[in-house]
Amino acid sequence: MTTTPRRFSQVDVFSAHGLRGNPLAVVHDADGLDEQTLAQFARWTNLSETTFLLPPTDPAADYRVRIFTTGGELPFAGHPTLGSAHAWLEAGGVPRDAGRVVQQCGVGLVTVRRGERLAFAAPPLLRSGEVDPARAEEVLAALDLDPARVLGMAWVDNGPGWIGIELGSAEEVLAVEPVPALAGLLKVGLVGRWPDPASVGKDVEVRAFYGDGTDFGEDPVTGSLNAGLAQWLVGAGRLPDRYVAGQGVRRHRDGRVHVERRDGQVWVGGDTVTTVSGTVRLPG
């Protein structure tokens, strides 16, 4: 079996300093690799996501990306979008429009704005609105949450399948202790406000939990969830048009997600830093 060396990057997303955000593995020039190899390499990296950069099939896109977790492929994810755009630009990618990069992925075209930091345009929610009572009861049991503490719950699904829950404070968010045995196929995010944002450098605290029926964990920093939460809560007037979300404290991280609604469009941004670069040898 022949192996071809391909450029490789590992990018820390939602961190200006590295090692505090959410790492992403990026394989460049991934054409020629079959699906089994993509999935196997994603399992081998053992990161929350691994992406593979490909030539676009849509003439409006600058590149195409396939996004894999250790359990399978996602149509969209936030930190892989920012990290992939960072890696593509750093490798010499030249976008058609100097002010933005257009990514093609499973949900279609996603615009990544260039500026002080990269920011992606939140894609439309695939599912929104009320969570049915039986599902809500399962979620609250898995998180060991008293319903009286919940200010709101809604679907905020832009691909991965997120449910959002608003709690009364950031401290309440950080205090949650899930029950892994009850997690099932859980994908849920928590958000709560900080009482004195200036003192902590963030307006809200976010946590993201996921279960696939066999495994359960907490994601360090999650772009897709923050996008969905913003579309829900900014749209409802419960969060301002511009704010900073912190995430990762319970995972020993210190991520910062910069959220802004401009002209009706929610943008989710974060700093990106390359921590590893080199080549990988994969069959194909």
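Predicted model: local features only at pLDDT ≥ 70, side-chain atom pairs only at ≥ 80, totals over all residues.
In total, 32 residues line the largest pocket, and S48, E49, T69, T70 and Y210 lie nearest its centre. Several elements give two or more residues to this lining: β2 (22–27), β5 (73–74), α2, β13 (204–211) and α6 (223–233). Of these, α2 gives the most, with three residues.

Helix α2 deserves a look of its own. It covers residues 78–90. At 1.5 Å a residue, its 13 residues should span 18 Å, and the end C-alpha atoms are 19 Å apart, so the two values agree. Is the helix mostly covered or mostly open? It is mostly covered, with twelve of its 13 residues buried. After α2 comes G92, whose phi is positive, near 105 degrees.

Now turn to the second largest pocket. It holds about 290 Å³ of space. Lining it are 15 residues, and the closest to its centre are R113, R117, R242, H258 and E260. Which strands each supply at least two residues of this lining? They are β15 (242–247), β16 (255–262) and β17 (265–270). The largest share, four residues, comes from β16. By class, the lining of the second largest pocket divides into five nonpolar, three polar and seven charged residues.

Methods:
Residues numbered from 1 in each chain as written. Heavy atoms only, no water. Expected span 1.5 Å × (residues − 1). Buried < 20%, exposed > 50% of the residue type's maximum accessible area, 1.4 Å probe, protein only. 1 Å grid on protein atoms, 1.4 Å probe; cavity = no way out; pocket = protein on both sides within 12 Å on 5 of 7 lines; lining within 4 Å. Points joined across faces, edges and corners; volume = space filled by probe spheres on them. Nonpolar A, V, L, I, M, F, W, Y, C, P; charged D, E, K, R; others polar.
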